[in-house]
Amino acid sequence: QGQIAYGAEMVRERFVQSSVLFGLDQLIKGVIAAVTGLMQGIANFLPIPGLQPLVGLFRAFLKVAVGFVDEVILAHAIRTRADNPWASAEQALVLYGQNHKQMIKNAAFIA
């Protein structure tokens, strides 16, 4: 069985879970946009030189640091061949949290 066939089979098996995680991804992106938009608005009022680039850097950092949560959950469910998507998501989030230092370093490097 080739990689494409295997990938197609995994997507078929996890279609509902993938769809829910896509919705979660859109919700996360909306929350990040709201938080960073609020920070941008506050930064516009503050007369601090050099604040705008810092806000932009923080926005990029948040997108990277939080933006891949749904991909981590789905990858964990596929890797472990979990039958219970909620238990698998909980375990994936715990693993994500336990590795937060490395995730923050990676997000800072990428941003």
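This is a predicted model: local features need pLDDT of at least 70, side-chain atom pairs count only at pLDDT 80 or more; totals for chains, interfaces and linings use all residues.

Q: Let us begin with H2 and H4. At what angle do the axes of H2 and H4 cross?

A: The axes of H2 and of helix H4, residues 69-80, cross at roughly 160 degrees and come within 8 Å. Angles over 145 degrees count as roughly antiparallel, and H2 and H4 are therefore roughly antiparallel to each other. The crossing of this pair is right-handed.

Q: Which residues make the contact?

A: H2 contributes Gln 17, Ser 18, Leu 21, Leu 24, Asp 25 and Ile 28, while H4 contributes Val 69, Asp 70, Ile 73, Leu 74 and Ala 77. By class, the residues of the contact of H2 with H4 divide into 7 nonpolar, 2 polar and 2 charged.

Q: Next, H4 and H5. How are H4 and H5 packed, in angle and in distance between axes?

A: The angle between H4 and H5 is about 120 degrees, and their axes are 9 Å apart. That makes H4 oblique to H5. H4 passes H5 in a right-handed crossing.

Q: Which residues of H4 and H5 meet?

A: On the H4 side they are Val 69, Val 72, Ile 73, His 76, Ala 77 and Thr 80; on the H5 side, Ser 88, Ala 89, Gln 91, Ala 92, Leu 93, Leu 95 and Tyr 96. The contact of H4 with H5 has 9 nonpolar, 4 polar and no charged residues. Ile 73 and Ala 77 of H4 also belong to the contact with H2.

Q: What about H3 and H6: at what angle do their axes cross?

A: Helix H3 covers residues 51-67 and helix H6 covers residues 100-110; their axes come within 8 Å and cross at roughly 135 degrees. That makes H3 oblique to H6. H3 passes H6 in a right-handed crossing.

Q: Which residues meet there, and of what class?

A: Phe 61, Val 64 and Ala 65 in H3 face Ile 104, Ala 107, Ala 108 and Ile 110 in H6. The residues of this contact divide into 7 nonpolar, no polar and no charged.

Q: Can we follow a single residue? What is Phe 61 in contact with, leaving aside its neighbours within four places in sequence?

A: Phe 61 lies in helix H3. With those neighbours left aside, Phe 61 is in contact with Ile 104, Ala 107, Ala 108 and Ala 111. As for spacing, Phe 61 and Gln 40 are 21 residues apart in sequence and 14 Å apart in space, C-alpha to C-alpha.

How values were computed
Residues are numbered from 1 along each chain as its sequence is written. Side-chain values use heavy atoms; hydrogens and water are left out. Axes are lines fitted to C-alpha atoms, for helices over the stretch in contact, and angles run from 0 to 180 degrees between N-to-C directions. Helices (H or I, at least four residues) and strands (E, at least two) are DSSP runs, numbered from the N terminus. Angles under 35 degrees count as roughly parallel, over 145 as roughly antiparallel, 65 to 115 as roughly perpendicular and the rest as oblique. A crossing is left-handed if the near helix is turned anticlockwise from the far one by less than a right angle, and right-handed if clockwise. Contact means heavy atoms within 4.5 Å. Ala, Val, Leu, Ile, Met, Phe, Trp, Tyr, Cys and Pro count as nonpolar, Asp, Glu, Lys and Arg as charged, and the others, Gly among them, as polar.
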